[in-house]
Amino acid sequence: MAGKRPRRPSKVAGADVAAQSDAKPRLLAGGNPQIGKADGDAPVQAYIGAMPGWKSGVGRRLDDLIVRTVPNVRKAVR
């Protein structure tokens with residue numbers, strides 16, 4: 001079958017991110033975790049928690065600073 005591409009797996013929906021938080025995400029070339037797009041604090045915390053080494057600490061500090069500075073901020077992983 002020339003010209004046919006294999007089907008890609010479906011993308012992760014925002015509701016599925018919480019279910020995947022137990023699984024360890026794959027790290028991309030720059031060392032950042034590969035987590036599906038989603039809105040809310042839970043996916044952002046999962047992303048920060050999956051960051052390797054010192055990046056996780058910097059992510060937590062940055063998140064705290066943003067929440068203090070912009071109290072009603074809408075968080076998302078994009």
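The side chains of Asp 63 and Lys 75 meet in a salt bridge, with an N-to-O distance of 2.8 Å; a salt bridge is taken as a side-chain nitrogen of Lys or Arg within 4 Å of a carboxyl oxygen of Asp or Glu. The pair links distant parts of the chain, Asp 63 lying in helix α3 and Lys 75 in the loop between α3 and β2, twelve residues apart. Both Asp 63 and Lys 75 are buried (under 20% relative accessible area, with exposed meaning over 50% and partly exposed in between; 1.4 Å probe, protein chains only). The model is predicted: local features need pLDDT of at least 70 and side-chain atom pairs count only at pLDDT 80 or more, whereas totals for chains, interfaces and linings use all residues. Residues are numbered from 1 along each chain as its sequence is written, and side-chain values use heavy atoms, with hydrogens and water left out.

Lys 75 also forms a salt bridge with Asp 41 (2.7 Å, N to O). Here the loop between α3 and β2 is linked to helix α2, the two residues being 34 residues apart. Lys 75 counts as buried at 18% relative accessibility, and Asp 41 as partly exposed at 40%. Through shared partners, salt bridges join Asp 41, Asp 63 and Lys 75 into one network.

The structure holds three salt bridges. One of them pairs Asp 39 with Arg 78 at 2.5 Å, N to O, and connects strand β1 (residues 38–39) to the segment after β2 (76–77) across 39 residues. Asp 39 is exposed, at 54% relative accessible area, and Arg 78 is exposed at 64%.

The protein comprises three helices and two strands, in the order α-β-α-α-β from the N terminus. These are DSSP runs numbered from the N terminus, helices being H or I of at least four residues and strands E of at least two.

Helices α2 (residues 41–50) and α3 (residues 54–69) pack at about 150°, with axes 7 Å apart; axes are lines fitted to C-alpha atoms over the stretch in contact, and angles between N-to-C directions run from 0 to 180 degrees. Helix α2 is therefore roughly antiparallel to α3 (over 145 degrees; under 35 is roughly parallel, 65 to 115 roughly perpendicular and the rest oblique). Contact, defined as heavy atoms within 4.5 Å, involves Val 44, Gln 45, Ile 48 and Gly 49 of α2 and Ser 56, Gly 59, Arg 60 and Asp 63 of α3.
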